[in-house]
Amino acid sequence: MRQGADRGDESGGDLRAAEVQGRDGGTAGRFPGRRRDGRPVAGRRGEAIALGKLEVPASVDPDWRGNLEQYCSGRGIGARRTACGGSPEPGAREVTALARSGDPAAARVLTTAGQALGTVLGQLVRVLDPSAIVLGGGLGTGDGPLHTALREAYAHTTRTRPAPPPIHRAALGPDAGLIGAGALPALRGLTASFS
């Protein structure tokens, strides 16, 4: 993993990556895990933090009743834009294209998705105290209204914290999560932390 997702963080911190959206648009995010003495720690049940299963902050959307994945994943963004009216939009790429062409509903959907993700990441920073956050996935490594809103909400949520951890984009780009998943069997062979 040191080769890719967290290459820019040489501080020896313990948080390695957060994937915001998988290529298929179905993953709203995950933190692959924390590290102890440089080794990944899988957690009691082998899960890390399923970011997508957290609630959408009421400060972003008080009426939303689903989870972060349903709100912020590629599919979730497409479904939310479709609910605004117009033709069905299958995912975030299409909604991003609509926003770039001046569609206010598409821009609003992307902005609120970014606000939700930035707020939740800021809340997790308060609990986990990582040295950095590395975003992967298609949305995490992209540009546009979602990314701008994510950074603004993160800055707002961490504003009382001295020197909040920086947000970096995965060095391996949108496929960082897939590459990390492919490397996991090799990591399991190298460390007893995953057993």
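Is Tyr71 buried or exposed? In this predicted model, Tyr71 has a relative accessible area of 1% and is buried.

The structure contains one aromatic pair. Trp64, at 25% relative accessibility, is partly exposed, whereas Tyr71 is buried. Tyr71 also has a charged neighbour: Arg80 lies over the face of the Tyr71 ring, at 3.6 Å from the ring centre.

Thr157 belongs to helix α6, which covers residues 145–157. The side chain of Thr157 reaches the backbone oxygen of Ala153 at a distance of 2.8 Å. When residues up to four places away in sequence are left out, Thr157 touches Gly118, Thr119, Gly122, Gln123 and Arg126. Thr157 counts as buried because its relative accessibility of 7% is under 20%.

Val134 is part of strand β4, formed by residues 133–136. Val134 and Ala171 are separated by 37 residues in sequence, and their C-alpha atoms are 8.8 Å apart in space. At 4% relative accessibility, Val134 is buried.

**Accessibility of the residues described**

| Residue | Relative accessibility | Class |
|---|---|---|
| Trp64 | 25% | partly exposed |
| Tyr71 | 1% | buried |
| Val134 | 4% | buried |
| Thr157 | 7% | buried |

Definitions and conventions
Residues numbered from 1 in each chain as written. Predicted model: local features only at pLDDT ≥ 70, side-chain atom pairs only at ≥ 80, totals over all residues. Heavy atoms only, no water. Phe/Tyr/Trp six-rings, centres within 6.5 Å; stacked < 30°, edge-to-face > 60°. Buried < 20%, exposed > 50% of the residue type's maximum accessible area, 1.4 Å probe, protein only. Lys NZ or Arg CZ within 6 Å of the ring centre and 35° of its normal. Helix = DSSP H or I, 4+ residues; strand = E, 2+ residues; numbered from the N terminus. Polar contact = N/O pair within 3.5 Å; in protein donor to acceptor, adjacent residues only side chain to side chain. Contact = heavy atoms within 4.5 Å.
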